[in-house]
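I opened the notebook to look up a few residues one by one. The entries follow the order in which I checked them.

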Amino acid sequence: MRTGIVGTGMIVREFLEHLHGMEGLELRAICGTPRREADLRELSVRYGIAGWYTDYEKMLRDGTVEAVYVAVPNHLHFEFCQKAIQAGKHVVCEKPFTSNVREAAELDRLARERGTILLEAVTTRYLPNTWRIKSCLPELGRIRIVTANYSQYSSRYDAFCRGEVLPAFDPHRSGGALMDLNIYNIDLAAELFGAPEQVHYAANVERGIDTSGILTMNYGSFQCVCIGAKDCRAPVFTCIQGDRGCICITSPVNELSSYELYRNEDQTGRTTVHGSGVRYDYNGGKHRMYHEFREFIRIVDEKDQEYAQRMMETTLITMDIQTRARQTAGIVFDHDAVR
């Protein structure tokens with residue numbers, strides 16, 4: 001996958017540090033703003049990137065670039081993806097995919113029209129542990145309750161309290177706890193269970209943005225509660241409870257480094273004692289971004305539109321949930337206005 005990267009932030013540096021030598025991944029270009037020129041030079045030399053640009057349009061005209069990894073701030077995702085698709089490039093876009101479901105649907109339509117691959121870079125759904133959990137859900141019986149808490153106190157919240165508004169807490173740049181952390185919980189639920197019937201978001205809102213909040217989703221036969229916070233912290237924990245057992249995850253779901261399966265009865269039919277769960281890990285000790293980019297390379301190389309479209313269906317569900325959730329909490333982004 002001959003890739004051009006747009007962005008120089010933390011996620012790009014993490015990507016380069018852990019994946020720059022991955023088989024099948026050829027780094028052809030990196031692009032940033034003119035004020036990031038020194039960073040672009042340094043990154044291109046350190047990681048053997050063929051070229052660097054301070055003009056996105058020029059990078060898109062680079063014939064050696066077949067796919068673009070979009071890792072710019074949230075509110076720019078739609079614009080940068082749209083331009084890449086229009087230039088005939090395949091696109092891998094960081095989470096959250098877009099500011100709202102309308103933008104996501106428009107990019108999906110455009111990619112289908114142009115025949116390009118369009119993927120969201122959200123680690124959760126590509127992890128082998130996620131696939132294993134999905135396959136063993138029937139062992140839990142009827143799902144009754146799902147709870148997920150991804151709370152992580154942010155130093156940016158301290159700045160926010162001082163009056164400094166960074167992108168993570170800026171409604172004009174599609175920020176907030178829902179978009180930054182709770183989006184992973186939503187994505188896992190969407191991948192495992194599909195679309196809920198009802199959505200409600202009870203958020204702690206300061207100056208127009210959610211600093212934390214509780215998302216409830218009614219799936220008809222069971223309830224799902226997703227908590228995300230950047231203004232307080234708690235142990236990260238996810239539990240999927242059925243009437244015959246449960247699955248517990250004690251790492252952030254974007255890492256899902258392992259999970260434990262608890263059965264009400266053991267294999268002989270005897271009732272098990274509390275705490276007798278079995279731990280599983282199929283991720284192979286790889287960095288959390290490894291599995292998604294391994295799959296992206298395959299999808300692009302094989303032009304696997306069918307699988308890419310299945311992943312896009314999960315993205316569209318996730319974007320619909322976050323859009324509806326924000327509406328119930330009165331959180332409005334600039335991009336929500338019809339243009």
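Leaving aside neighbours within four places in sequence, which residues is Thr211 in contact with? I worked on a predicted model. I listed Tyr157, Phe160, Phe169, Ala177, Asn204, Glu206, Ala229, Lys230 and Asp231.

Entry on Thr211, continued. I placed Thr211 in strand β9, which covers residues 209–218. I read its relative accessibility as 0%. The cut-off for buried is under 20%, so Thr211 counts as buried. I then checked the side chain for polar partners. The Thr211 side chain makes a polar contact with the side chain of Glu206, at 3.5 Å. Glu206 is also in the contact list of Thr211.

Entry on Arg288. I found Arg288 in the loop between β14 (278–280) and α9 (290–302). Is Arg288 buried or exposed? I noted a relative accessible area of 16%. That is under the 20% cut-off, so Arg288 is buried. Its side chain makes a polar contact with the side chain of Glu14, at 3.2 Å. Leaving aside neighbours within four places in sequence, I logged contacts of Arg288 with Ile11, Glu14, Thr123, Leu127, Tyr184, Asn254 and Glu255.

Entry on Pro138. I located Pro138 in the loop between α6 (128–136) and β7 (143–151). I read a relative accessible area of 55%. Exposed means over 50%, so Pro138 is exposed. I also took a distance to Arg112. Pro138 and Arg112 are 26 residues apart in sequence. In space, C-alpha to C-alpha, I got 34 Å between Pro138 and Arg112.

Methods. Residues numbered from 1 in each chain as written. Predicted model: local features only at pLDDT ≥ 70, side-chain atom pairs only at ≥ 80, totals over all residues. Heavy atoms only, no water. Helix = DSSP H or I, 4+ residues; strand = E, 2+ residues; numbered from the N terminus. Buried < 20%, exposed > 50% of the residue type's maximum accessible area, 1.4 Å probe, protein only. Polar contact = N/O pair within 3.5 Å; in protein donor to acceptor, adjacent residues only side chain to side chain. Contact = heavy atoms within 4.5 Å.
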